[in-house]
Every structure is written in C-alpha cells, then in structure tokens.
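User: Hi! I'm new to this one, could you walk me through it?
Analyst: Happy to. Here it is.
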Amino acid sequence: MRSVEEQLSAVTAAAAMPDPVRLDISSALGLMSAEDVVSEIQMPAFSQAAIDGYAVRAVDINGDFARRGDQRDEEEPRRGAVELPVVGEVPAGSAQPLKLQPNQAVRVYTGAPLPTLADAVLPLDWTERAGSRITVSRSVSSGDFVRRPGDDVQVGDIVVSAGQVISPAQIGLLASVGRAKVLVHPRPRVSVMSIGQELIDLGGAPKQGQVYDVNSYSLAAAARDAGADVTRVGITVGEPAHIRDLLKEQLRRSEVLIIAGAVGGDAGQEFRQVLEELGTIEYNRIAMHPGSVQGFGFLGEDRVPTFLLTGNPIGALVAFEVMVRPLIRIALGKRNARRRTVSARCMSNLDSVEGRRGYIRARLMRDRETRDYLVQPLSGSDGRQTHLLAGLSEANCLIVIDEDSPGVRAGDSVDVLFLSRLG
C-alpha cells in the first residue's frame, strides 16, 4: 500500500502549465500572466480634476480663513474672504482648451482636464456660489485635488508582471494603459468520463440494477471549481475499438484525463486493456479512505496525466480533492496548490480506519464567544455511513485523521480541510 504523500508526490511531479496563449483581458481573470506588461503611455495622460469643484490658481486663494485641518469658530466672521468669477465649465471628456486668467475660477467635474494655468481644485463644499461668482471658505495649495500626468503609471512601468495571477484590479489597470490582450497560461483542459454497464444518463428511467451517472457530473464540476476548462464526456461504452478512438480524441484535446469506475472488478478489465494500448497506468491502493483504490499514469503521445478513480461517488470526489485538484492548481500556477487547513475542536466521537488517512465529511463552525473553530462530523460517527452522497452535499470541510490514529473523541483537536462556504 502506498502512502498519500508518496502518491501525491508522483502526481504533482507530472503537473505542467499549458503553453501560453494571448487572450482578451476580459477572459484573463484568475489566470497567470506569462509576460511583463510594460506601459507605453503615462496615466493619466493630462492634468485632471480628482473631484468635482472649481479649478483655480492656488496663489489667488489668499484670504484670511482656515486652511485644511485648522479649527475656526463658526461664529467668528471671516476677514478678507476671496471672491472669484466663474468664467466657464469643463466636463469630463472635454477636448476644448480653456485658459484660466488670474483671479478666475472654472467649474470642473471629476476627470475633466484642468484649464491652462490652473494648479488646484476647490471642492464644492468649500465655496458658496451666487450667480456667476463664488466665495471661497478655505484655502488650497498647488496640486490639491489634482491628478497630474503619470501619477498612476509612467511610460515604461510594468503594470502586470510575469507570474502574477490576474485580478479584477489588474484587468482594470491593463485597460487603463490600452492593453486589449495579454499573454497568459490558460486553464488546463480536463476531460471527465465514466464507465460502467450499470450507468445511464440523466433523462432516462433506471431499470432494475441501473443507476444514474453521478461521477461525470460531480467530477466535472469539481474540476471546473478547481479552475480547469472541462469537457464532460459522460458514459463511455461500446466495443474496444470505439472506446480506443474516443480516448484518443480526448487525449488530443486534454492536459488531464479523469476516468471514474475504471479501477477494480472484472467489469473494467476490458477497458483497462484498451488503456494499456495507449500508455502506462499504475494501479495502487493508497493509504486513505474513502477512495483508496486508484490508478495514475500517462496516456497518448503527449503523455497526458490520467487518473482512474473508483466508481463510488464519495470515494471519487475525495480522491479528486486529495490527488487531482492539486495537480490542476499547480498547472494554473497557484502557489498554494492544496486547500487551506485549520485546527478545530471535534464535537463528537469519530471512528477511523487505522493504517489509512481518513477524510471525513463535516461542517465547520465558529464559537460565537471564543471564535474557536468547531467541527461536526457528518459521517463516520454515531453509526453514520461514510458512502452516502447526501452527507457530502452538506459538508463544507473534511476532517483529516492520521494513519496511526484509531479515531477521535469528542473535544479532541483535529485538522480540517476547507472545501467551500455553504449559503
């Protein structure tokens, strides 16, 4: 029996980032940049108003009144208050040049180009307007409330670095410097299929001995959640030649192949013989539960990493979380390929299989007073069965129990693997 860490080491060693492609920036969210994006322009390109107000020359605002941050008794009259005529208006996007003369003001809007000679903007609530004149209540200094050319980005600045994962803010930054496309490492292409004579697809009515294909749907969703570009092939049946052709087609279009129901039992023997013609798969029992029976290897001319998982939906999903998801995350360039883990206090007794690392479905909570993590097992305790899919749908985490532990008692601290938030 192979340990979880040994198997995971073999799997992650096979992870490779797909070759870079150039995508529209609107499609690049969450992907890793494969280039340094250097700005060819400065941003902003011109002096512009940072707020709505009045463009002025700061030197003209020299009355006897409080500066920003100063305290003044509201009852105290102002001496030498400054009044300025408003000689025009500049909206955002205006291309009409306007020159400010001494002792004048121009109404400007956020983003509007500043008139020539103006070097500050008076906020609206620092002024009182009567007709075409304003009375100024506070002073400004040169540069106040003005965005100068190059304040955000200078020509030659790197706005996105190679190796950075592109966020919404970076997409906005790329747009601001005029970049419509960016070179990125794309999402790895993952194909998911199920095998099993007992399977039927959704829409049909199961006959005696038949069940719906769960795995191709749940595993495709899990791969998509991990960040992959997923093709759900569905149920794979037919003569060996047909299956061989179908596998070859998927191998040409995939960086990762996941097959559920292809390990263990006589039913998959014929399928496994087809796989042997396409590459090498190693079958192992992994020291974990559920999902201990697994296969992993490489198929096709491009040696596509291929996972063979149990037909049991719970075992398949747990094996995906532990083995497949880290490979996908590495292929995306994520620094932390594994799920986040925390320590929590277990709220009930929990049995485990000694000699195997247990991954038990559970619900993670916080104590309202202490803010400590609490975790309630949803299977494997109080006689609850571990193979039921409904329990996993209620879970937001997995309790991880070491191989050498026979179980957990209520109140013990346990390691908990985050899955997702509920609600």
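User: How do helix 3 and helix 6 run, roughly parallel or roughly perpendicular to each other?
Analyst: Roughly parallel, because angles under 35 degrees get that label, over 145 is roughly antiparallel, 65 to 115 roughly perpendicular and the rest oblique. Helix 3 (residues 215-226) and helix 6 (residues 313-331) pack at about 30°, with axes 10 Å apart. Helices here are DSSP runs of H or I, at least four residues, and strands are E runs of at least two, numbered from the N terminus. Axes are lines fitted to C-alpha atoms, for helices over the stretch in contact, with angles from 0 to 180 degrees between N-to-C directions.
User: What should I know about the model itself?
Analyst: It is predicted: local features need pLDDT of at least 70 and side-chain atom pairs 80 or more, while totals for chains, interfaces and linings use all residues. Residues count from 1 along each chain as its sequence is written, and side-chain values use heavy atoms, leaving out hydrogens and water.
User: Which residues of helix 3 meet helix 6?
Analyst: Among them are Leu219 and Ala222, and the helix 6 side includes Leu317 and Phe320. Contact means heavy atoms within 4.5 Å.
User: Switching topic, what is the strand order in the open sheet of six strands?
Analyst: The order is 17-14-18-22-21-19, with mixed pairing; two strands pair if DSSP finds at least two bridges between them. Strand 17 (229-235) and strand 19 (279-285) each have a single partner strand, so one side of each lacks a neighbour in the sheet.
User: And what packs on the sheet?
Analyst: Helix 1 (residues 4-12) does, touching strands 19, 21 and 22.
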